[in-house]
Amino acid sequence: MSTYAQKKGFGATLWDFLTTVDHKKIAILYLIAGGFFFLVGGLEAVFIRIQLAVPNNDFVSAGLFNEIITMHGTTMIFLAAMPLVFAFMNAVMPLQIGARDVAFPFVNALGFWLFFFGGIFLNLSWFLGGAPDAGWTSYASLALHSKGHGVDFYILGLQISGIGTLIGGINFLVTIINMRAPGMTYMRMPLFTWTTFVTSALILFAFPPLTVGLVLMMFDRLFGANFFDPTLGGNTVIWEHLFWIFGHPEVYILILPAFGIFSEIFPIFSRKRLFGYSSMVFATVLIGFLGFMVWAHHMFTTGLGPVANAIFAVATMAIGVPTGIKIFNWLLTMWGGSVKFTTPMHWAMAFIPSFLAGGVTGVMLASAAADYQYHDTYFVVAHFHYVIVGGVVFAVFAGTHLYWPKMFGTMLNEVLGKITFWLFFIGFHLTFFIQHFLGLWGMPRRVFTYLPGQGFDAANMVSSIGAAFMGLGVIVMLYNIIITSVKNVKVGNDPWGDGRTLEWAIPSPPPFYNFKQLPLVRGLDAYWLEKMDGKKGMTPAEPLGDIHMPNSSFLPFMMAMGLFIAAFGAMYHVNDKAWALPVMIIGLLVTFGSMFLRSVKDDHGFHIHKEDLMDEEDKGVKA
Amino acid sequence: MHADEKFTYETWPAAPEKSTLESKNKFLGFWFFLGGETVLFASLFATYLALKDKVPSTTHHLAKDLFELPLTFVATMLLLTSSLTSVYAMYHMKNFAFKKMMVWLGLTALLGAGFLGLEVYEFTLYVHEGHTFTSSAFGSAFYTLVGFHGGHVAFGLLWCLTLMIRNSKRGLDLYNAPKFYVFSLYWHFIDVVWVFIFTVVYLMGMVG
């Protein structure tokens, strides 16, 4: 029954992916789309480093440079890192808890298409009069005065993709609470599932402030409201608050799943259970909680006063404690283990010192008084690239290598994987380590060029050379993906040989119903336990029976596309274009019409019959 | 229990809104959705409080010049009563009394429509007094907060009517019972939000 086993035409495969509600296929869609945007954002990074390689460079103009840095940040955070993390959540989390799908498969597909259309909309700005240029934070005092439609693309594109993320978060929360297999108690959940859980809670409470901020900005720019216009009583600081009340939890939304992926990798390749499991869970929840208490540390220089700055400084430093707990637990997991130096393990081991460096500069930045010196310099740039690249991007690379066989049924080449690792790892430190010093020497961020002889020349050249190494690493990875996909050597259930959790107990890729019979979970690292007892697979928790599955649907695509169309209407309506209003109405009709259709048309799904499941077993099909 | 099974009063489960896995998921997911909505409205309230009475010149109306308690009091009563009628509707849903449920739901929609009508009337009054969406930051914040709530009421009305019309011929089953139930949750939520709007915007606007 597996789609990979059947030969299908291109059209049928395309239609399959456009209408799928299967979490494993949606994961592949997230991986492809997120990977695409990662390449786009990476290209923008390369342009930035070319422009800054030498002083007084004119590779791009000042205005275009602003567009490139804005789009680099926005693309990397919203359209690359988040969807790539979502790809692994979708691919792995339901398998880890022993579920047949997520709680709302339809909503899962809708979430993907909203993200996808939002991202496409945002990037179309390049071809339609210029990209947003007010920075990824889009502070109102800049954004309101930005000419053209760049910032409108930002507002509407992020709004659409933000809704997709929000419903994705709700979906994962309900899945984890309601759909765990028998015996899978909360304290037996793999750490990646735990981080998905806490991340989803963060998404649920962090995205609405962004939604509101974007709505207010949209009203100001497109419909004549005055939220951020001081001459009419408005206040631009409101945007800063709303943005960072979202923005700070957002960085934990990115890093917690990364912690989760590494917490899977360390035990697998140390062949030893995760050290301090319950303290890891506790630290994850605590980081999630504290993540909401620290947003104003992005606004130390806004002028909130010494009391506010002091409170937020202390709260920020407190986050170092649970994060430190995690670092020590990872180290102690390796301690005395029988460590296998695979590609994912390379990334995991490189992650610890890299991320730690970013954490240490984080504590430095948290000192409000000292922050006045670091603020808006390359020191900050170095800091957040150390945590986001050294944390999230490393985790995405590690996760790609680790879960590639589970998602596609074939392994990535280990030699090429290690070449990618070394190129990227060296390039990363070459690019960003020196930026700490550039910042301390006084180079401000977001400048499009600098004068010669200020002491910035050599350091910027080093930084740009590092970026080239990272680019090469990514190219090797793409080559790796292509050649291994062409060879397509099939692998079994547990290709790494030391899988501990439920996803490694079923075929790679899993059949579309995941588990023929729901597994009985007898403890933490459920599959490892069974292996240690000399069993080949999981003990089923139920007799073989009919399996209820959801129907595919094209409506998620339609709903998201409707908003995409409506966004064009809303945007061009300020130019008094006659077609703008009708386009907006048509777009909204498509969306609400699809919602109406979904509401009135019953969809009970279908059943896979017991007999068919048994047939497959007889024929020996690796379903 | 299957979603498309036929029921009688005797076989109808005690908690029909969460007796299948699908409906349990829907029930929980909707509560989470309301959690997100709470943060959404909290952000709008915070924005309103920051921009209350922030106008460009002394000729603009402030909160205390604009609001009239009798009008908003009637509106409040309509919406609070509609919450009560939706409780009755759910009571009858749990007792497998489809017709009675529909009557009370109809009443809920009617009261909601009355509330919405009063809100539109109220907005036109303010617009004639020069307090518009674009006249000041105060105006933008006021219409955005109250308008977002009004939009939620309007969406709820469409939702309620769609549910009633779609299910008018087929009675209750475990497929549509959770749909009715989450609608009533939603309706309570917008009622609670209104209680805060009435307090923070109108009462505090009159005295503060």
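Okay, housekeeping. It's a predicted model, so local features need pLDDT of at least 70 and side-chain atom pairs count only at pLDDT 80 or more, while totals for chains, interfaces and linings use all residues. Residues are numbered from 1 along each chain as its sequence is written, and chains are lettered from A and ligands numbered from 1 in the order in which they are written.

Let's start with chain A on its own. It's split into domain 1, which is 10-553 plus 603-619, and domain 2, which is 554-602; those bounds come from an automatic or database domain assignment. Between the two centres, taken over C-alpha atoms, you have 29 Å. Where they touch, domain 1 of chain A puts in 18 residues and domain 2 of chain A puts in 16. By contact I mean C-beta atoms, placed from the backbone, within 7 Å.

Which elements give two or more residues to the domain 1 side? Helix 1 (10-19), helix 4 (105-124) and helix 6 of chain A. Helix 4 of chain A has the largest share, with eight residues. Helices here are DSSP runs of H or I, at least four residues, and strands are runs of E, at least two, numbered from the N terminus.

Now chain B. You'll see six helices and zero strands. The C-alpha trace spans about 65 × 30 × 25 Å along its principal axes. Of its 208 residues, 41% are buried, and buried means 20 or more other C-beta atoms within 10 Å of the residue's own, with C-beta atoms placed from the backbone.

On to the interface: 32 residues of chain A meet 32 residues of chain B. On the chain A side, helix 6 (150-178), helix 7 (191-222), helix 8 (237-270) and helix 19 (580-600) each give two or more residues. Helix 7 of chain A gives the largest share, eight residues.

The largest nonpolar core has 249 residues, and Phe262(A), Ile265(A), Ala398(A) and Ala567(A) have the most contacts inside it. A nonpolar core, here, is a set of buried Ala, Val, Leu, Ile, Met, Phe, Trp, Tyr and Cys residues joined through C-beta atoms within 7 Å. Take Ala398(A): leaving aside neighbours within four places in sequence, Ala398(A) contacts Ile261(A), Phe262(A), Ile265(A), Pro344(A), Trp347(A) and Ala348(A).

Methods. Two residues are in contact if their C-beta atoms, placed from the backbone, lie within 7 Å. A residue is buried if 20 or more other C-beta atoms lie within 10 Å of its own, exposed if 12 or fewer, and partly exposed in between; C-beta atoms are placed from the backbone.
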